Every structure is written in structure tokens, then in C-alpha cells.
Amino acid sequence: MLAMLSRRPAVRRCAGASALALALLGAGLSAAADDQPQPDLSRFYRQQPAWGACRGPDMPKDLQCAKVTVPLDYARPRAGTLDVALARYRATGTSRGSVLLNFGGPGGAGIPELAAEGRQFMDLTNGYDVVTFDPRGVGRSSPVSCGEGGDEASAVADDDADISHPQALFQHLRRAAEQCARNSGPVLRHIGTVNASRDLDVIRQALGDDKLNYLGFSYGTRLGAVYAAQFPGKVGRLALDGVDTLTESLAEQGVAGAEGQQTALDGFLDWCTRDIGCPFGQDRRTAGDEVVRLVRSLDRNPVPTDFGGSFSGQDLVGAIGQALYSKQLWPSLERALASLIEDGDTRRVLAFSTGGIGLPGRYRTDGGLVDAEDVPTDNLSAALMAINCADDPDRPAAARLTGELKDLRAAYDQASPVFGRYRLTQLLMCYGRPKGTDFIRDRVKNVHSAKLLLVGTRGDPATPYRWTVETARRLGPSAVVLDNKGEGHTGYSSSKCVHRKVNDFLLYGSLPPSGSSCPADEPPEGVTSDSTG
């Protein structure tokens with residue numbers, strides 16, 4: 001559920017310990033509850049980052065980079081470490097500390113996003129250093145990868161697949177999980193939001209902040225909510241935009257995501273078929289069927305790309321899904337699809353893609369940062385799978401999956417004939433991986449922290465508005481809801497009202513009344529107000 005703040009078509013969803021010493025503070029959520037000796041984390045909490053110019057041709061001159069070191073395993077901090085990459089824009093005036101940004105995913109690297117889209121956050125430099133990071137397993141911070149051909153679950157997209165006897169599929173899935181483990185290294189066993197939240201607290205302390213000020217988008221809202229549950233006494237001003245669910249299983253999330261993306265696709269096709277350049281023609285009644293036929297055709301006969309490898313129907317589905325996060329990308333998507341259909345040119349569509357062929361064996365055994373050019377091209381998709389699986393405790397056995405797979409595929413196909421099987425593939429990729437944590441589902445609730453601002457967008461294709469309402473109810477009285485009447489994934493970059501109210505909260509502590517709303521903005525140029533029918 002990557003937040004997709006960027007308008008460029010490129011790769012981009014218990015007790016605190018404030019009164020304890022640094023060692024116990026760093027031990028996290030269960031230090032006070034478990035009544036057991038906690039590991040000494042004080043050396044991690046005494047760090048001071050060494051900031052310097054960010055390296056790379058796409059890095060702005062005023063963007064600074066650094067790193068912090070965190071335990072690989074917080075239960076055994078002497079068993080290994082890894083470095084987490086940081087970047088910041090300095091405050092333009094007197095700084096009151098830092099505000100940390102997470103752009104979503106899971107699996108989205110923060111540093112290239114801030115480098116590309118930093119102008120959206122310059123207002124925040126009036127009071128803060130604006131900081132982001134590549135979470136563990138992501139970007140330069142020990143990136144995970146599944147290597148070449150790591151997505152072996154694509155067989156579920158095949159119309160001819162015998163899902164009543166899926167033993168071959170399960171073998172593929174188990175091999176895929178093993179391949180991801182081989183290519184990712186030790187961080188894979190310690191990936192997930194609970195550990196990323198603890199890294200966030202180490203970063204907070206390293207930046208010299210008593211409280212965490214934070215702006216999280218999409219998956220970043222899950223990370224923010226987990227932090228508030230683990231470290232309620234360290235919550236400063238937390239704004240969560242495009243609110244993720246804390247309770248629904250991956251299966252339920254997948255159906256909701258497929259439904260949301262199908263609604264967004266229908267809106268795109270309503271708009272596209274009014275244009276003579278629409279590659280699916282001008283008959284809206286048949287345009288949806290044309291999309292399905294194109295996807296199925298590419299699944300049966302993938303086309304070669306200029307970068308090596310091939311481009312399948314499921315690759316196309318992933319690219320379309322990214323482009324549908326914002327109406328501002330619709331004209332670019334229309335041109336990209338026309339190039340693919342009319343000329344067999346995959347380059348424009350690939351610009352929206354989030355996957356790619358992995359580069360195996362690129363992780364560093366010492367946990368140090370990798371160079372930007374060595375980040376595997378499949379890191380975002382590999383990290384998305386790894387983190388979602390680590391956050392989900394459900395691992396049905398093969399016998400249960402065999403009995404449920406036919407109904408699951410029917411439910412996903414009903415949710416969306418285009419996105420259903422892509423989403424089902426993501427669900428099945430957890431098979432063969434270790435069982436995830438139940439902490440988020442069971443313990444992130446009734447948070448006794450400072451106020452949290454939750455922004456939900458009515459027409460969000462990735463994080464439905466009802467998740468904002470449900471999550472606010474679950475978090476308790478600390479949660480304040482802002483209802484964005486607009487469309488698109490998240491509101492900060494698309495709604496002037498949301499942008500202003502979030503900034504007012506982060507900069508001045510000014511909260512809107514819970515349940516207040518922002519009107520929908522005018523549609524972007526080239527997309528009419530009735531484009532969704």
C-alpha cells in the first residue's frame with residue numbers, strides 16, 4: 001500500500017518506559033509487563049549520527065545523509081547489528097527537533113522519495129528538520145530480495161491451474177520462500193513492523209528528540225500506530241494519512257484492496273473511453289473486458305522487455321495498480337497502455353512497475369549499508385511480502401488451503417477480475433514462511449498517548465475510509481479523525497485542506513475537531529470532475 005506521493009511514473013502502502021533508564025527504555029513494549037530481565041540497549045541509544053552530503057546523481061545538494069546502528073535481534077542485541085540509512089533537510093529557522101516521514105509500502109525506501117518529492121514538505125522545515133529513513137530490509141538498509149524468478153506463485157493466475165489439487169503450487173510457494181531467505185540474509189528473520197518501530201525509537205533518541213514527531217502514509221500509519229502502542233510516553237505529534245487496518249487478516253485486506261483498485265480502474269476507464277486516444281476504444285461497456293483480455297493474453301504469452309526478462313499480465317496488473325493511486329497519473333497511464341497495445345513497447349508501463357528481476361547475493365554480511373546501485377530491483381516487492389507476512393499470524397496448513405483455495409480465488413475474482421488474482425498471489429506468498437507476530441492484531445489498541453491525527457480519504461483505492469474509522473475506534477480516545485472527501489490514495493499531497501491541517505498539527509499542535517472534514521479539491525488538469533461517472 002505504497003503511499004505514492006510522487007507524481008512521477010516511477011517505482012516508489014503496552015507499557016512505555018519513559019521513567020526508566022536508557023537500557024530499559026530501549027527494551028520496548030514488554031519491559032514493564034513481562035517482569036523479566038531486559039537486554040541492555042544503552043549503547044544503541046547513545047548514538048549521534050554523523051551527517052554529510054548524500055551521494056548519488058539524483059540527490060539534492062541540501063539533502064544530508066547519515067546512519068544509525070540497531071540490533072538485528074532486540075532480544076539478543078549482541079548477536080549482530082544492522083545499519084539504518086537516514087536523510088534530512090535541515091530546518092530553515094530555529095528547529096524544535098525533527099519530524100520523521102515514512103512514505104508507505106511496506107517496502108518503500110524513504111530516502112529516494114524525499115530526494116524526489118522533498119518540495120512537498122518544505123513548509124515543515126519552518127520548525128523541524130525533516131527526516132526520513134530506509135526501514136530494515138528496505139533500500140540501503142540490508143535490502144531483502146527474492147532473486148531471479150523469485151515470484152513463483154504466479155501459477156495462481158493461470159486459468160488452467162488445477163486449484164482443486166494445488167500440491168504443485170504449494171511446492172512452488174515453498175521453494176519461493178526458501179529462495180527469498182537465501183537471497184535476503186539474516187535480516188529476513190527479523191523484519192516486520194514491530195522491530196521497525198523499535199528502530200524508530202532508536203532513531204528518535206539519536207536525533208536528540210524527547211518525543212517522536214511523525215508523518216506516516218499508508219503502511220506508515222501501521223508503523224506509527226505500533227510505535228504509539230510500544231512507546232506511548234514518547235509520542236509527540238503523530239499524523240497518520242491513508243490509515244491501514246490493524247485487525248483484518250491478509251485475506252480480508254486483499255479482497256478490500258482488489259475492490260478498491262477495481263473501483264479506481266472503473267473510474268479510469270470512464271474517463272479514458274471519452275478520449276479518442278483511449279487504447280480500449282470508446283465503448284465503455286466493453287472496455288473492462290478488453291483490460292481482462294489483455295492481462296490474460298500477457299499471462300499466457302509474456303512479451304520481452306528492453307531490460308531482459310519478460311513482462312507478464314500480472315506485471316501489467318501491478319503497474320496499473322500503482323498508476324491508479326492518483327488521477328494525475330491517468331493521462332500518463334493512458335499513453336503507456338497505448339504504447340504497449342499498439343507497439344508492444346513495455347517501457348512506459350514498466351515506469352509504473354514496483355517489481356523487477358532481483359540481483360541475488362547482494363546483502364552485506366556485516367549489516368552495513370549497501371550502495372544505492374546495489375539495491376536489488378525487486379526489493380520493494382520482496383520487502384512488501386516479507387513485512388506483511390511477518391505482521392500476520394495466520395499460516396493455514398496445506399490441507400486447509402487446499403479446501404479453501406477454490407473459494408478464495410472465486411472471492412478475489414468477484415472483487416476484481418483484473419486485480420483479484422494478483423492480490424491472491426500476494427496472500428499465498430506467505431505460505432512456507434515463518435508464522436508472523438500477533439502483536440499488532442492483539443495489542444495495538446486503547447493507546448494512552450498524546451493525540452494522534454488520522455486522515456482518511458473517501459475515495460482511497462488502497463486504504464478504504466472504513467479502516468480509518470475502525471482504527472480510530474480501536475486506538476481509543478487519543479485518535480482524532482479528519483475526513484477527506486476527495487479521492488486518491490492519501491490526502492496530504494492531493495488536498496490543500498488536508499495539507500494545511502496536517503501541517504498545523506505538526507508545526508503548532510493545532511488539531512481539528514474529530515470528525516471534521518476537508519472538501520474534495522478540483523480535479524487535475526485533463527481529468528474532468530465527472531470522470532468517475
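Author: First, the residue classes. Ala, Val, Leu, Ile, Met, Phe, Trp, Tyr, Cys and Pro count as nonpolar, Asp, Glu, Lys and Arg as charged, and the others, Gly among them, as polar. The model is predicted: local features need pLDDT of at least 70, side-chain atom pairs count only at pLDDT 80 or more, and totals for chains, interfaces and linings use all residues. Residues are numbered from 1 along each chain as its sequence is written, and side-chain values use heavy atoms, with hydrogens and water left out.

Reader: By class, which residues does the lining of the second largest cavity have?

Author: A cavity is a set of points on a 1 Å grid over the protein atoms alone where a 1.4 Å probe fits but cannot get out; lining residues have an atom within 4 Å of a point. The second largest cavity holds about 70 Å³, a volume being the space filled by probe spheres set on points joined across faces, edges and corners. Of its 14 lining residues, the closest to the centre are Pro 135, Val 138, Ala 196, Tyr 219 and Ile 387. The lining has eight nonpolar, five polar and one charged residues.

Reader: Why are H5 and H6 described as roughly perpendicular?

Author: Helices are DSSP runs of H or I, at least four residues, numbered from the N terminus. The axes of H5 (residues 193–206) and H6 (residues 219–230) come within 9 Å; axes are lines fitted to C-alpha atoms over the stretch in contact, with angles from 0 to 180 degrees between N-to-C directions. Angles of 65 to 115 degrees count as roughly perpendicular, under 35 as roughly parallel, over 145 as roughly antiparallel and the rest as oblique. H5 and H6 cross at roughly 70°, and are therefore roughly perpendicular.

Reader: How are H7 and H14 oriented to each other?

Author: The axes of H7 and H14 (residues 420–428) come within 9 Å and cross at roughly 155°. The contact (heavy atoms within 4.5 Å) includes Leu 250 and Gly 254 of H7 and Arg 423 of H14. H7 and H14 are therefore roughly antiparallel.

Reader: Which helices each supply at least two residues of the lining of the largest cavity?

Author: About 120 Å³ of space lies in the largest cavity. Its lining includes Leu 250, Gln 253, Ile 440 and Arg 441. By class, the lining divides into three nonpolar, four polar and five charged residues. The helices that each supply at least two lining residues are H7 (250–272) and H15 (439–443).

Conventions:
On a 1 Å grid over the protein atoms alone, a cavity is a set of points where a 1.4 Å probe fits but cannot get out, and a pocket is an open set with protein on both sides within 12 Å along at least five of seven lines; lining residues have an atom within 4 Å of a point. Contact means heavy atoms within 4.5 Å.
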